[in-house]
Amino acid sequence: MKVISIRLALPTAILAIVFSTSGRAEDTGTTNFSKQALQAKIEYCKTCHGVSGQGFHGSTPIPRLAGQQTEYIENQLRAFIERRRENKYMYGVSHVLNPTMRTALAKHFSELNPKPLGGAPKELAMAGKKIYDEGLPDAQVPPCASCHGPDAKGIGEFPRLAGQLNDYILNKLMNWNTERGQDPAKPDTSAIMQPIAHSLTKSQIQAIAAYLNYLE
């Protein structure tokens with residue numbers, strides 16, 4: 001079976017950050033950085049993604065980063081920098097981070113594991129679990145578990161979906177083309193999700209999102 005990835009769990013709505021001149025000089029280099037510099041960047045991330053990277057429900061849902069695969073976070077930060085994934089806030093944050101800082105931030109969030117925020121309709125979760133585990137053969141949608149793992153905690157570049165905000169997942173899958181695959185000359189594995197997102201109905205996406213929302 002062809003590997004399919006639902007690449008959902010990366011930051012898409014961080015508060016715009018204005019970095020100082022000294023901050024830019026520090027971040028655009030390739031040398032090591034101080035613990036204080038790393039902590040400063042973590043504090044910026046907390047502004048929107050929460051004190052434990054647990055995400056935030058709001059008019060624009062902000063994704064959970066806690067427990068996310070480090071490789072996935074690094075890949076998505078590069079996608080923002082290269083404009084393959086479009087988000088004006090995340091571009092402003094990510095393009096001043098050097099590779100070493102990106103790796104350190106990814107590692108920090110991967111080691112967090114707060115309880116999911118919840119909030120999804122629980123009555124939809126069982127239907128979502130069935131789709132996650134079995135896929136939708138008639139719609140040529142494979143099981144989500146085939147790439148994201150049976151516990152939805154992700155594998156390498158395939159993101160963790162467990163505990164992700166349901167409204168974030170709904171927003172991303174319903175609007176896949178407006179953010180992902182913005183540079184056709186530089187396709188990445190997120191392109192695999194395009195036909196899947198288009199094959200799912202809104203009610204099916206809501207069910208999947210509800211199921212994932214309560215996983216720990």
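User: Is the crossing of α8 and α11 left-handed or right-handed?
Analyst: This is a predicted model, in which local features need pLDDT of at least 70, side-chain atom pairs count only at pLDDT 80 or more, and totals for chains, interfaces and linings use all residues. Residues are numbered from 1 along each chain as its sequence is written, and side-chain values use heavy atoms, with hydrogens and water left out. A crossing is called left-handed if the near helix is turned anticlockwise from the far one by less than a right angle, and right-handed if clockwise. By that convention, the crossing of α8 and α11 is right-handed.

User: At roughly what angle do the axes of helix α8 and helix α11 cross?
Analyst: Helices (H or I, at least four residues) and strands (E, at least two) are DSSP runs, numbered from the N terminus. Axes are lines fitted to C-alpha atoms, for helices over the stretch in contact, and angles run from 0 to 180 degrees between N-to-C directions. The axes of α8 (residues 166–174) and α11 (residues 202–213) come within 8 Å and cross at roughly 145°.

User: Against which helices do the buried residues of α8 pack?
Analyst: The buried set in α8 comprises N166, Y168, I169, K172 and L173. Their packing partners are α9 (176–179), α10 (193–199) and α11.

User: Which residue has its backbone nitrogen 2.8 Å from a polar atom of the side chain of N98?
Analyst: N98 lies in the loop between α4 (88–94) and α5 (99–110). At 3% relative accessibility, N98 is buried. The backbone nitrogen 2.8 Å from a polar atom of the N98 side chain belongs to M101.

User: How many helices does the chain have?
Analyst: Of the 216 residues of the chain, 49% count as buried. The chain has 0 strands, and its helices number 11.

Methods: Buried means under 20% relative accessible area, exposed over 50%, partly exposed in between (1.4 Å probe, protein chains only). Contact means heavy atoms within 4.5 Å. A polar contact is a pair of N or O atoms within 3.5 Å; within protein, one must be able to donate a hydrogen and the other to accept it, and residues adjacent in sequence count only if both atoms are side-chain atoms.
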